[in-house]
Amino acid sequence: MNAWGEAADLVGAVLLLLGCLQCLLGVIGMLRFPDVLSRSHAATKPQTLGMLLVLVGVALRLRHGIDLGTLALIVFFQFLTSPVASHLVARSAYRTGQTGSRGLLRDDLDPQLSDGERQGE
Amino acid sequence: MSNLYRDRSPYSWSFRIGGGRRVLDLPLIAWLTVIWILLWGTLSWANLVNGVVVAVSLCLAFPLPAVDLGLRLRPLGILRLAAYLLYDMFSSSVEVTRQIFARGLYHAAVVAVPLRVRSDLMLTATAVAVSNVPGGSVIEVRRSTATVFLHVLDADDPGEIESAQRSVWRMEELVARAFGTAEDIAHVTRPVPEGNPSP
């Protein structure tokens, strides 16, 4: 293995570690935040970055064209599907009033929802 | 498969089988084939042929409604969007870490952000892009008024709400310049709505 290969291995290992740390951070956030909506912040965002870092790390260690394609596919679908899932969780959490015991400082959505119900939307 | 005719798009053909309308959309078939090959992990003629067969059968078995998505792929815009997304993810990860470890309580808020784009694709793509960066969680999207409702952590700081809105508008512009039609781009070059967006 040449120097470039070793460098790529090293950077890959560091990125794997960073990605795992990022995911750990997300889990800690889930434990610390009090309500569903805040937890969904912690559950989705650091995870996406963490997974991206892990996959780049894996890509740097594999270094095969077709494997890179597969990894890119994983990233693509992750980016496409995780917002849908988190949006649906957030939406149902909001509509069932799981906004936390402290309430919201400002809520632009509530009056619109009430309007919509009155107009029979 | 009698009256084969060309669809509006130059790359798709539609025809009727029995009572149902079927569309063979070449970009969709090509994309499904690429996914198939990537999933198998080897590029061979057998995989290519099988991929095309599977893609065509999928399109025939599960027809999608014929919609004009208005999707344009602009390589430069896509690069800029990707670079901005990456930058935003890294810079905001620090912020989220701070919020996670901050002592004490915070106030969250739900903020309405009216968008300037109107097309469904742009609305969806902007919402997806916003959800993927830390700082905003999309709770609700109102299609009729093209409004996105965000859940913002740390709303005690009034600057936080404004910066969340600004980042959505920035994202909207980048998305339109990456995937939008000329009309969408014209929409996002207009100034952002001023003042309090809530009705």
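Predicted model: local features only at pLDDT ≥ 70, side-chain atom pairs only at ≥ 80, totals over all residues.
Visitor: Is the crossing of H1(A) and H3(B) left-handed or right-handed?
Guide: It's left-handed. That word applies if the near helix is turned anticlockwise from the far one by less than a right angle; clockwise makes it right-handed. Helices here are DSSP runs of H or I with at least four residues, strands are runs of E with at least two, and both are numbered from the N terminus.

Visitor: At what angle do the axes of H1(A) and H3(B) cross?
Guide: Axes are lines fitted to C-alpha atoms, for helices over the stretch in contact, and angles run from 0 to 180 degrees between N-to-C directions. Here the axes of H1(A), residues 3–32, and H3(B) cross at roughly 35° and come within 9 Å. On the H1(A) side, A:Gln22, A:Leu25, A:Ile28, A:Gly29 and A:Arg32 make the contact, and H3(B) brings B:Ser93, B:Thr97 and B:Ile100. Two residues are in contact if their C-beta atoms, placed from the backbone, lie within 7 Å.

Visitor: How many residues of chain B are in contact with chain A?
Guide: Start by counting both sides: 33 residues of chain B touch 35 of chain A. On the chain B side, the elements giving two or more residues include helix H1 (26–40), helix H3 (75–101) and H4 of chain B. By class, that side has 21 nonpolar, ten polar and two charged residues. Ala, Val, Leu, Ile, Met, Phe, Trp, Tyr, Cys and Pro count as nonpolar, Asp, Glu, Lys and Arg as charged, and the others, Gly among them, as polar.

Visitor: Why is H4(B) called largely enclosed?
Guide: Burial is a neighbour count: 20 or more other C-beta atoms within 10 Å of a residue's own make it buried, 12 or fewer exposed, and in between partly exposed, with C-beta atoms placed from the backbone. Ten of the 13 residues of H4(B) are buried, so the rest of the structure largely encloses it. Among them are B:Leu121, B:Met122 and B:Val130.

Visitor: What span should H3(A) have?
Guide: The expected span is 1.5 Å times one less than the number of residues. H3(A), residues 65–95, has 31 residues and should span 45 Å; its end C-alpha atoms are 46 Å apart, which agrees. The buried residues of H3(A) pack against helix H2 (36–62) of chain A together with H4, S5 and S6 of chain B. Just after H3(A), A:Gly97 takes a positive phi of about 80°.

Visitor: What are the elements in each chain?
Guide: Chain A has four helices and one strand, in the pattern α-α-α-β-α. Chain B has six helices and six strands.

Visitor: Which domains does chain B have?
Guide: Domain bounds come from an automatic or database domain assignment. For chain B that gives domain 1 (5–61) and domain 2 (75–188). Their centres, taken over C-alpha atoms, are 34 Å apart.

Technical notes. Residues numbered from 1 in each chain as written. Chains lettered and ligands numbered in written order.
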